[in-house]
Amino acid sequence: MNPRTLAAPLRSLRAFLPLRPPMVPSAGRIIPLPASRLGARYYSESADAKKEESFHAEEDKRITDLENAKQESDKRAKELEEQLKELKKEIQYVRADYQTATRRAEEERKKASEFAIASFARALLGTVDVLQKALRSVPQPIPIDNQQLKQLFDGVGLTEKALVQTFERHGMKKLDNLHGEQFDPNLHEAEFMIPKEVAPPKKDGTPHNPGEIMEVNSEGWMIGNRVLRPAKVGVVQPE
């Protein structure tokens with residue numbers, strides 16, 4: 001029989017037969033997945049694992065970089081702190097040097113000013129001495145009927161006072177209240193000495209002690225911290 005003659009009836013018969021029902025797995029039976037699907041799932045899990053490993057590696061590298069950056073930053077901060085301390089010390093030294101230089105410059109300026117007027121002021125002190133002697137030579141009290149002498153005395157007194165005030169404005173000061181003070185060779189010049197037994201008493205009636213000033217013949221003057229002219233005094237003889 002020719003097989004081709006049977007092909008057509010078989011195709012017709014297949015058309016009238018019911019389709020084969022799908023296979024339903026029984027309870028507890030595992031149907032294996034196709035190999036193609038198993039390969040795809042393995043590839044997906046492997047790719048995810050590589051991505052996770054790459055992510056962790058990047059995170060570790062980033063953390064390491066941050067730690068290194070922090071260590072470098074701490075090192076730099078410590079260096080800057082040391083530099084700041086050194087700068088503060090230098091500023092303190094410079095400030096101290098500046099203050100010292102300013103103080104010395106001011107002292108030198110004062111000394112230069114004092115030296116500049118010292119000779120002139122010392123010469124004028126002689127004028128003050130003359131005026132004071134003139135005032136002491138006028139008997140007191142002045143008679144009422146002698147108004148000319150009274151006016152002359154007042155005029156000389158005003159002149160002496162104005163001259164002393166001018167001295168004081170330029171840093172000069174008089175050594176006052178020397179009676180009863182101890183003799184100081186740096187400030188006083190002793191013109192004579194007398195024993196204690198023959199020395200006149202003080203104004204309050206008490207006797208002078210050895211080495212005390214009992215008489216002032218010429219007033220002493222200071223200019224700043226220097227002696228312009230020592231006071232010329234009489235002293236009770238030391239023991």
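Contact here means heavy atoms within 4.5 Å. The model is predicted: local features need pLDDT of at least 70, side-chain atom pairs count only at pLDDT 80 or more, and totals for chains, interfaces and linings use all residues. Residues are numbered from 1 along each chain as its sequence is written, and side-chain values use heavy atoms, with hydrogens and water left out.

**Stop 1**

Select Leu125. Setting aside neighbours within four places in sequence, Leu125 is in contact with Phe167, Met172, Trp221, Leu228 and Arg229.

Now widen the selection to the largest nonpolar core. A nonpolar core is a set of buried Ala, Val, Leu, Ile, Met, Phe, Trp, Tyr and Cys residues joined through side-chain atoms within 4.5 Å. Buried means under 20% relative accessible area, exposed over 50%, and partly exposed in between (1.4 Å probe, protein chains only). Select Ala118, Ala121, Leu125, Val128, Leu163, Val164, Phe167, Met172, Trp221, Ile223 and Leu228: these eleven residues make up the core. Colour helix H2 (35-137), helix H3 (147-169) and strand S4 (221-223), the elements that give two or more residues to this core. Helices (H or I, at least four residues) and strands (E, at least two) are DSSP runs, numbered from the N terminus. H2 gives the most, with four residues. Both domain 2 (118-170) and domain 3 (171-238) contribute residues, so the core lies between them. The domain bounds come from an automatic or database domain assignment.

Next, pick Leu178, Ile213, Met222 and Val235. They are among the seven residues of a second, separate core.

**Stop 2: the open sheet**

Show strands S1, S4 and S5. They form an open sheet of three strands in the order S1-S4-S5, with antiparallel pairing. Two strands pair if DSSP finds at least two bridges between them. S1 and strand S5 (226-229) stand at the edges with a single partner strand each, so one side of each is left without a neighbour in the sheet. From one strand to the next, the twist averages 35°. Zoom in on S4 and S5: three bridges join these antiparallel strands. Select Ile223, whose bridge partner in S5 is Arg226.

**Stop 3: the loop between H2 and H3**

Go to Pro141, in the loop between H2 and H3. A cis peptide bond joins Gln140 and Pro141, with omega about -10°. Val138 is found in the loop between H2 and H3 too. Val138 is buried, at a relative accessible area of 14%. Not counting residues up to four places away in sequence, Val138 touches Leu149 and Phe153. Draw a distance from Val138 to Phe153: their C-alpha atoms are separated by 7.6 Å, and the two are 15 residues apart along the chain.

**Stop 4: Asn177**

Move to the loop between strand S1 (172-174) and strand S2 (188-194), where Asn177 lies. Check its backbone: Asn177 has a positive phi of about 55° although it is not a glycine. Asn177 is exposed, with a relative accessible area of 68%.

**Stop 5: His208**

Finish in the loop between S2 and strand S3 (213-218), at His208. His208 is buried, with a relative accessible area of 6%. Display the backbone oxygen of Pro200, which lies 2.8 Å from a polar atom of the His208 side chain. Then show what His208 touches, not counting residues up to four places away in sequence: Lys196, Pro200, Pro201, Lys202, Ile213, Met214 and Val236.

Notes: Axes fitted to C-alpha atoms, helices over the stretch in contact; angles between N-to-C directions. Polar contact = N/O pair within 3.5 Å; in protein donor to acceptor, adjacent residues only side chain to side chain.
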